[in-house]
Amino acid sequence: MGGGREFAISLDGVRDKNVMQLKKLNTVLFPVRYNDKYYADALASGDFTKLAYYSDICVESIACRLEKKEGGAICVYIMTLGVLAPYRGLGIGTRLLNHVLDLCLKQNIQEIYLHVQTNNDDAINFYKKFGFEITERIKSYYTNIDPPDCFVLTKFITTSQANK
Amino acid sequence: MGASLPPKEANLFKLIVKSYETKQYKKGLKAADAILKKFPEHGETLSMKGLTLNCMDRKSEAYELVRLGLKNDLKSHVCWHVYGLLYRSDREYREAIKCYRNALRIDPDNIEILRDLSLLQAQMRDLTGFVETRQQLLTLKPNHRMNWIGFAVAHHLNSNGAKAVEILEAYEGTLEDDYPPDNERCEHGEMLLYKISLLEECGFLERALEELHKKEPKIVDKLTYKEQEVSLLVKLGRLEEGANLYKALLTMNPDNYRYYEGLQKCFVLYSENGKYSSDEIDQLDALYKSLAEQYTWSSAVKRIPLDFLQGDKFREAAISYIKPLLTKGVPSLFSDLSPLYDHPGKADMLEQLILELEHSIRINGRYPDRTEKEPPSTLLWILFFLAQHYDRRGQYDVALSKIDEAIQHTPTVIDLYSVKSRILKHAGDLVAAASLADEARCMDLADRYINSECVKRMLQADQVALAEKTAVLFTKDGDQHNNLHDMQCMWYELASGESYFRQGDLGRALKKFLAVEKHYADITEDQFDFHSYCLRKMTLRAYVEMLKFQDRLHSHAYFHKAAAGAIRCYLKFYDSPVNSPAEEEDNTSKTPSQKKKMKKQRKAERAKKEAEEKNEESSASGNSKFGKRHIKPVDPDPYGEKLLKTEDPLSEATKYLKLLQKNSPDSLETHLLSFEVNMRKQKILLAFQAVKQLLRLDAENRIHIAACI
């Protein structure tokens with residue numbers, strides 16, 4: 001998936017000392033402004049939130065939030081996953097998402113979901129490759145952008161999947 | 001020792017001495033008081049008590065007691081010795097030497113005193129005295145290894161290297177064949193290397209080489225052995241052997257620029273100023289190509305040819321050097337190539353080159369003659385390089401546009417913001433530079449280097465309070481003034497001083513500059529412990545190097561800046577004393593009684609302010625330092641007002657001027673300042689001398705000269 005594989009892709013966690021990198025990425029990548037709660041959740045999610053470095057340049061990030069459902073199970077909500085424009089198609093996004101999915105498997109988390117704007121076909125196709133499915137459509141989810149609707153993509157992870 | 005004391009008191013006296021040596025000061029005091037109860041006029045006890053008090057920070061009492069003791073017992077060498085120790089602890093070395101000499105007059109064979117005296121003489125560079133003392137020590141105790149070595153070093157420092165070698169040979173003669181034992185091999189090896197380097201210095205090159213080969217099994221430091229050998233071979237003109245040895249050294253470390261230099265010297269292809277004839281260039285090119293085949297992983301072997309190649313060859317070599325580094329993403333590429341910008345014509349060639357690469361990457365995504373695609377980061381690093389390039393050539397708009405494009409491309413790279421900040425600073429917008437440096441800092445709060453850069457920019461933009469707050473983020477305990485001062489963080493103090501000076505706050509500026517000056521005084525002091533340590537550990541070559549370094553200490557750039565800054569403060573202060581309350585002699589527009597009243601008023605104001613501050617500070621320090629043994633001295637003059645109160649600013653200025661003139665005689669600034677100061681002191685002849693020096697250094701810079709006259 002993409003060339004330039006001889007360049008190192010490494011992952012690093014997000015701490016209060018480097019959270020500005022995450023902010024910079026979000027400012028450039030997303031039309032939505034995220035508030036302090038977002039960053040607090042990201043920092044609290046531990047290993048699930050990561051920055052990806054391509055040849056020691058920070059180009060991508062995945063930020064997650066751990067949520068408790070009724071019944072006590074934990075599920076993962078992907079708040080953002082985005083890569084800088086020049087570095088797309090190099091397999092970095094795949095790497096990040098696989099990292100999170102692996103973690104879910106190890107920690108027996110069975111559900112992982114996210115919101116995607118209805119017109120974002122690229123993103124929808126990307127996630128479908130990993131086994132995500134559209135489970136819901138929410139009208140007027142976004143307040144400032146157009147179209148305001150979004151899909152909920154969910155992936156259910158069962159341990160039997162790992163044995164396949 | 002104790003002059004005619006009965007046995008009980010004599011024991012107590014011994015106890016005092018032992019307590020002093022083991023730092024049990026209270027015990028020593030008690031013993032001293034016990035003796036003094038019976039013998040209140042006993043000189044030596046009084047002296048020892050004074051010495052103990054000195055170590056407990058009761059200096060004035062200490063001095064009194066010691067002087068009293070001395071008065072009571074002038075003929076006691078102990079009293080003089082103690083007096084000398086007292087002076088030494090206060091860094092009054094000349095006085096201390098005098099006291100020690102007196103003590104020696106009374107007891108000429110006292111090893112303790114001789115040893116202490118020799119240390120002081122080394123410190124004060126009293127070289128003839130040092131030699132004498134060392135000789136005496138040797139005569140008294142010839143079985144003590146240190147005395148031989150010390151005597152040899154003394155002669156070496158006194159520029160008598162040949163004598164030093166003789167002594168070392170004599171010393172070696174006293175050793176047995178199976179010396180040294182295993183735990184002393186390093187030290188013995190060091191001594192041998194020292195002897196050989198002495199021989200080299202004196203010019204006995206053949207002998208040095210012989211010695212080196214003979215003693216090879218005993219020398220432990222093999223790398224230095226090789227380096228010493230190759231230096232001797234080259235000096236003796238045995239160039240082929242030297243070349244082979246350099247190649248062996250290069251195999252060990254192919255990135256050592258000195259080895260390449262040496263190799264060039266062996267092929268008689270070395271030129272100090274970097275200028276070569278075209279024949280020589282061809283030869284060098286061939287040499288480096290062959291070396292590059294051997295040492296493929298070395299970066300030096302590829303970088304050095306860029307310095308001497310010209311024209312098309314340079315272009316070729318530059319392209320092949322730069323391309324892989326751009327792909328890899330080396331941020332320091334520009335700094336690496338920066339010296340080339342001083343060579344005529346190369347800057348243009350580099351510009352052309354890089355612009356071609358940029359064009360090619362933008363259109364095709366690959367280098368002009370390659371087929372594989374470049375990673376997206378290459379464009380980023382090209383833009384980064386170009387921004388620095390245009391910055392260096394003074395085209396700030398283009399530079400800014402390039403760096404802005406780079407930031408848009410990949411906004412997460414911190415180096416981009418640092419470079420943009422630097423471009424803005426060069427373009428003159430210091431405030432914007434500071435705020436950009438702050439943005440860079442926020443992106444990695446754990447990086448102290450970025451923090452320091454940000455502090456520097458803030459100080460350049462005269463945002464002193466903000467700079468202090470930012471610097472504090474990385475200091476221990478958040479007590480920034482003391483911590484940065486203790487760590488001898490001179491760049492910070494200089495930058496603050498210059499900022500205060502620009503804002504006209506002369507007192508504080510002067511304080512900062514003098515703080516830097518004090519660091520240099522401390523560095524000079526610090527060498528004291530090494531005189532005995534190095535002799536014991538046999539690190540003789542390093543010791544001699546250190547002494548040479550200390551001799552040149554005040555020519556260091558930071559000292560120069562600090563002294564120049566201090567002199568400027570004093571000059572400004574002399575020129576416009578109306579702002580300060582103290583200098584009223586020049587103020588002729590007021591009548592004497594008015595002046596007196598104003599003086600009193602301001603003194604009262606100031607006293608009140610100082611008392612307030614003292615209260616504040618002592619209560620603050622009381623709270624925070626509760627439980628600590630040592631109370632940090634409260635800074636009695638935080639705004640530098642007392643410094644501004646000096647009666648004669650010009651004499652203070654002259655103090656620093658003399659140091660500058662002695663140590664930085666090749667700097668234009670030194671002589672400019674000398675001119676300024678001497679004109680004000682009406683010493684026209686000295687001022688004229690300064691102008692002459694300026695002419696000598698830079699005959700073209702007539703603007704300066706004209707301004708002076």
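**Contacts, rings and chains**

User: Leaving aside its neighbours within four places in sequence, which residues is Ser19(B) in contact with?
Analyst: Contact here means heavy atoms within 4.5 Å. Ser19(B) sits in helix H1 of chain B, residues 7-21; helices are DSSP runs of H or I with at least four residues, strands are runs of E with at least two, and both are numbered from the N terminus. With its neighbours within four places in sequence left out, the contacts of Ser19(B) are Gln24(B), Lys27(B) and Gly28(B).

User: What kind of model is this, and how are residues numbered?
Analyst: This is a predicted model, in which local features need pLDDT of at least 70 and side-chain atom pairs count only at pLDDT 80 or more, while totals for chains, interfaces and linings use all residues. Side-chain values use heavy atoms, without hydrogens and water, chains are lettered from A and ligands numbered from 1 in the order in which they are written, and residues are numbered along each chain as its sequence is written, from 1.

User: Is Ser19(B) buried or exposed?
Analyst: The cut-offs are under 20% relative accessible area for buried, over 50% for exposed and partly exposed in between, using a 1.4 Å probe and protein chains only. Ser19(B) has a relative accessible area of 1%, so it is buried.

User: What is the relative accessibility of Tyr100(B), and where does this residue sit?
Analyst: Tyr100(B) is in contact with several residues beyond four places in sequence, including His81(B), Leu85(B), Arg88(B) and Leu120(B). Tyr100(B) counts as buried because its relative accessibility is 0%, and its place is in chain B, helix H6, residues 93-106.

User: How are the rings of Phe126(A) and Tyr127(A) arranged?
Analyst: Rings of Phe, Tyr and Trp (its six-membered ring) pair if their centres lie within 6.5 Å; planes under 30 degrees apart count as stacked, over 60 as edge-to-face and the rest as tilted. By this rule there are 25 aromatic pairs over all chains. For Phe126(A) and Tyr127(A), the centres are 5.3 Å apart and the planes are at 80°, so the pair is edge-to-face.

User: Which elements of chain B does the pair of Phe334(B) and Phe385(B) link?
Analyst: These two rings are edge-to-face, with 5.5 Å between the centres and 75° between the planes. Phe334(B) counts as buried because its relative accessibility is 9%, and Phe385(B) does too, at 2%. The partners are 51 residues apart, and the pair links distant parts of the chain: helix H19 (residues 333-337) and helix H21 (residues 376-393).

User: Over the face of which residue does Lys265(B) lie?
Analyst: A charge sits over a ring if NZ of Lys or CZ of Arg is within 6 Å of the ring centre and within 35 degrees of the ring normal. Arg207(B) lies in this way over Phe204(B), at 5.7 Å from the ring centre. Lys265(B) is 5.0 Å from the ring centre of Tyr270(B).

User: What radius of gyration does chain A have?
Analyst: Chain A has five helices and seven strands, and buried residues make up 49% of its 164 residues. The radius is taken over C-alpha atoms, and the globule rule is 2.2 Å times the number of residues to the power 0.38. A compact globule with 164 residues would have a radius near 15 Å, which agrees with the value for chain A, 16 Å.

User: Which three residues supply 35% of the area that chain B buries against chain A?
Analyst: The contact takes 17 residues from chain A and 20 residues from chain B. Buried area is the accessible area (1.4 Å probe) that two parts lose on being put together, summed over both; here it is about 1,500 Å², with 68% from carbon and sulfur atoms. The three that supply more than any other three residues of chain B are Pro376(B), Thr412(B) and Met443(B).

User: Which residues of chain A does a cis peptide bond join?
Analyst: Most residues other than glycine have a negative phi, and most peptide bonds are trans. Ser55(A), in the loop between strand E2 (50-54) and strand E3 (57-68), has a positive phi near 50°. The cis bond, with omega about 0°, joins Asp146(A) and Pro147(A).
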